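Notebook open, model loaded. I'm jotting down what I look up as I go.

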Amino acid sequence: MRELEGRAGIVTGASSGIGLAIANALAEAGATVYIISRTGKVKEGYPDSLPGTVHVKGDITDIEGMKSLCSELAARHDGHLDFLVNNAGATYKCLAQDFPEDEFNRVINVNVSCVFRMCQICYPYLKASPYKGRIINISSMSAHLGFTQVVPYCTSKAAVCGMTRGLAIEWADDNIAVNSIAPGWFHSKMLDEVMDDERRAKILNRIAVHNFGKVEDLGAMARFLIGPNGSYITGQDYAVDGGTLAYGY
């Protein structure tokens, strides 16, 4: 099905992993997907992006650069964009008591401040969408559960959920739906960077299905929320987590 035919929008940080899977799922459904990343191309070792994706080199921490770029992209589509997926993120592994201030500020800036600024920048273009503009913020299990050595990351992703709800209410009458997706544990480079063998075993034991997820499932969720049947959904955080948040003892 090509249910997103005619739609155009942005996925940030989609040169690999979760972002690339989401971009490919949207392109497969017929959307024009502008992938904004610092590399401006798919990272080595990852599958190619599909036809319909357009790689654009850009840094979301460069706010003035993002204003110019988003204006240029919207101009290609009669002054509107139809979706924004805020996927770009940062993390750093360190005990809370030793966490460097500059790394704390970097994580909060990339994961919270820049996400908010991207929403602000794209607001007028999404508001003008003939399909109803959609924003999807990528949150995390870390928004709902506590984890050691990544406390600022947990803090940032909890903030993303609060931001999602606030924007959803404020922009409810502005032709924009705002939701977030909370991935569980999927195979990704970021996951590998913060996980050793002991942590891996603990994580798998904590997941109800005792396995890591497929990034294609996250793409399917984004595709649904941006598609024609997602227009009445706003202010929600969707856990794609193998039953992790529901898993008791």
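This is a predicted model: local features need pLDDT of at least 70, side-chain atom pairs count only at pLDDT 80 or more; totals for chains, interfaces and linings use all residues.

I started with α1. Its buried residues are Gly 17, Ile 18, Gly 19, Leu 20, Ala 21, Ile 22, Ala 23, Asn 24, Ala 25, Leu 26 and Ala 27. For burial I use under 20% relative accessible area, with exposed being over 50% and partly exposed in between (1.4 Å probe, protein chains only). Helices here are DSSP runs of H or I with at least four residues, strands are runs of E with at least two, and both are numbered from the N terminus.

Residues are numbered from 1 along each chain as its sequence is written, and side-chain values use heavy atoms, with hydrogens and water left out.

Back to α1. Eleven of its twelve residues are buried, so the helix is largely enclosed by the rest of the structure. I checked its length too: α1 reaches 17 Å from its first C-alpha to its last, close to the 16 Å expected at 1.5 Å a residue. That expected span is 1.5 Å times one less than the number of residues. Just after α1, I found Gly 30 with a positive phi of about 110 degrees.

Next, the strands on either side of that helix in numbering. β1 (residues 8-12) pairs with β2 in the parallel sense over five bridges; pairing takes at least two DSSP bridges between the strands. Gly 9 sits opposite Val 33 in β2. Five of the six residues of β2 (residues 32-37) are buried, so this strand is also largely enclosed by the rest of the structure.

Then α7 (residues 215-226). Its twelve residues should span 16 Å at 1.5 Å a residue, and the end C-alpha atoms are 17 Å apart, which agrees. Which residues of α7 are buried? I get Val 215, Leu 218, Gly 219, Ala 222, Arg 223, Leu 225 and Ile 226. They cover an arc of only 165 degrees around the axis, so they lie on the same side of α7. The arc is taken from the directions from the helix axis to the C-beta atoms. These buried residues pack against α1 (17-28), β4 (83-86), β5 (133-138), β6 and β7 (237-240), with contact meaning heavy atoms within 4.5 Å.

β6 (residues 176-183) holds Asn 179, which is buried at a relative accessible area of 2%. What does its side chain reach? I see the backbone nitrogen of Gln 236 at 2.9 Å. My polar contact rule is a pair of N or O atoms within 3.5 Å; within protein, one must be able to donate a hydrogen and the other to accept it, and residues adjacent in sequence count only if both atoms are side-chain atoms. Leaving out neighbours within four places in sequence, the contacts of Asn 179 include Thr 164, Leu 225 and Tyr 238.

I followed that to Thr 164 in α4 (residues 151-170). Thr 164 is buried at 1% relative accessibility, and a polar atom of its side chain lies 2.8 Å from the backbone oxygen of Val 160.

Last, cysteines. With a disulfide being a pair of cysteine sulfur atoms within 2.5 Å, I count zero disulfides. For Cys 114, the nearest cysteine sulfur is that of Cys 119, 11 Å away. Cys 114 is buried at 2% relative accessibility.
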